[in-house]
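I opened my notebook for an afternoon of looking things up.

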Amino acid sequence: TIADVPTVKASPAAYMLTVIGDNDVPYEAGIANMPEYAMYIEEVLVLGAVAVSMVLLITLMVRIISILRLSRRYPGKKTDGITLISTDHTRAPFSFLNYLFWRTDIPQDTDSGRLIMAHELTHIRQRHTYDKLACQLLTCIFWMNPFYWLIQKELEMVHEFIADENAIGEGDTDAFARMLLQTHNNGQYLVPEH
């Protein structure tokens with residue numbers, strides 16, 4: 001009954017926590033005794049969370065579209081289901097789906113060039129883009145949970161370790177260091193490419 005609802009002279013948030021935490025209070029009774037402005041605060045919070053999710057989803061979509069536009073702007077050569085695109089883009093070399101974007105100023109016939117190529121081919125063959133996109137989609141929707149951001153970062157690190165191990169193995173650490181210097185990520189989030 002409504003008489004059983006605890007009376008709280010606190011903020012709307014404290015009131016909501018009291019009502020939510022008490023399993024004996026019917027939902028309708030808690031809503032009936034909730035101050036009117038508390039319902040508006042709840043609506044504003046939900047709308048704010050949805051708005052942030054939408055902004056993150058739109059940001060991710062814009063970045064995906066920019067990569068697909070980049071694939072159409074530069075010439076590509078398809079081999080074994082992989083499209084190699086030569087570009088002068090500063091973020092290259094990187095891979096996305098079956099596209100390997102290669103920067104024209106990095107020779108492919110050097111040790112570091114071969115290592116970078118093997119690294120990116122590992123991302124493509126193991127379909128890391130799909131894992132990354134699924135994780136980023138979940139992060140956009142559940143952005144308020146810090147574990148999704150941590151999972152996204154860890155997944156990216158695991159992908160990089162796998163690709164590095166396949167490219168380098170027990171090989172030359174000097175060539176590995178040169179490869180790392182030629183390719184870097186600026187610490188951005190929601191970047192769909194590897």
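I began with a term: buried means under 20% relative accessible area, exposed over 50%, and partly exposed in between (1.4 Å probe, protein chains only). By that rule, 32% of the 194 residues of the protein count as buried.

A note on the source: this is a predicted model, where local features need pLDDT of at least 70 and side-chain atom pairs count only at pLDDT 80 or more, while totals for chains, interfaces and linings use all residues. Residues are numbered from 1 along each chain as its sequence is written, and side-chain values use heavy atoms, with hydrogens and water left out.

**Entry 1: the layout**

I looked up the elements, where helices (H or I, at least four residues) and strands (E, at least two) are DSSP runs, numbered from the N terminus. I found 7 helices and 4 strands. From the N terminus on, I read their order as α-α-α-β-β-β-β-α-α-α-α.
Next came contacts, meaning heavy atoms within 4.5 Å. Of the contacts with a separation of 6 or more, 59% are between residues 24 or more positions apart.

**Entry 2: helix α4**

How many of the 15 residues of α4 are buried? I found 11, so the helix is mostly covered. Among them are L115, M117, H119 and E120. Helix α4 covers residues 111–125 and reaches 21 Å from its first C-alpha to its last, close to the 21 Å expected. The expected span is 1.5 Å times one less than the number of residues. Just after α4, I noted that R127 has a positive phi of about 55°.

**Entry 3: helix α6 and its partner**

Helix α6 takes in residues 146–168, which is 23 residues, and its 33 Å reach is close to the 33 Å expected. Its buried residues are Q152, H159, A163, D164, A167 and I168. At its start, a side-chain oxygen of N145 comes to within 3.0 Å of the backbone nitrogen of F147. After α6 comes G169, with a positive phi near 65°.

How is a pair of helices described? Two packed helices are described by the angle between their axes and the distance between the axes. Axes are lines fitted to C-alpha atoms, for helices over the stretch in contact, and angles run from 0 to 180 degrees between N-to-C directions. The axes of α5 (residues 128–141) and α6 come within 9 Å and cross at roughly 170°. That makes α5 roughly antiparallel to α6, a label used for angles over 145 degrees.
On the α5 side I listed H128, C135 and L138 among the contact residues, and on the α6 side W149, L155 and I162 are among them.

**Entry 4: S53**

I found S53 in helix α3 (residues 36–73). S53 is buried, with a relative accessible area of 9%. Leaving aside neighbours within four places in sequence, S53 touches C140, I141 and W143. A polar atom of the S53 side chain lies 3.1 Å from the backbone oxygen of C140, and the S53 side chain reaches the backbone oxygen of I141 at 3.2 Å.

**Entry 5: R103**

Is R103 buried or exposed? R103 counts as buried, at 15% relative accessibility. R103 sits in strand β4 (residues 99–103). I noted that R103 and S86 are 17 residues apart in sequence and 5.9 Å apart in space, C-alpha to C-alpha. A polar atom of the R103 side chain lies 3.4 Å from the backbone oxygen of T90.
The R103 side chain also makes a polar contact with the side chain of D105, at 2.7 Å. A polar contact is a pair of N or O atoms within 3.5 Å; within protein, one must be able to donate a hydrogen and the other to accept it, and residues adjacent in sequence count only if both atoms are side-chain atoms.

Technical notes: Angles under 35 degrees count as roughly parallel, over 145 as roughly antiparallel, 65 to 115 as roughly perpendicular and the rest as oblique.
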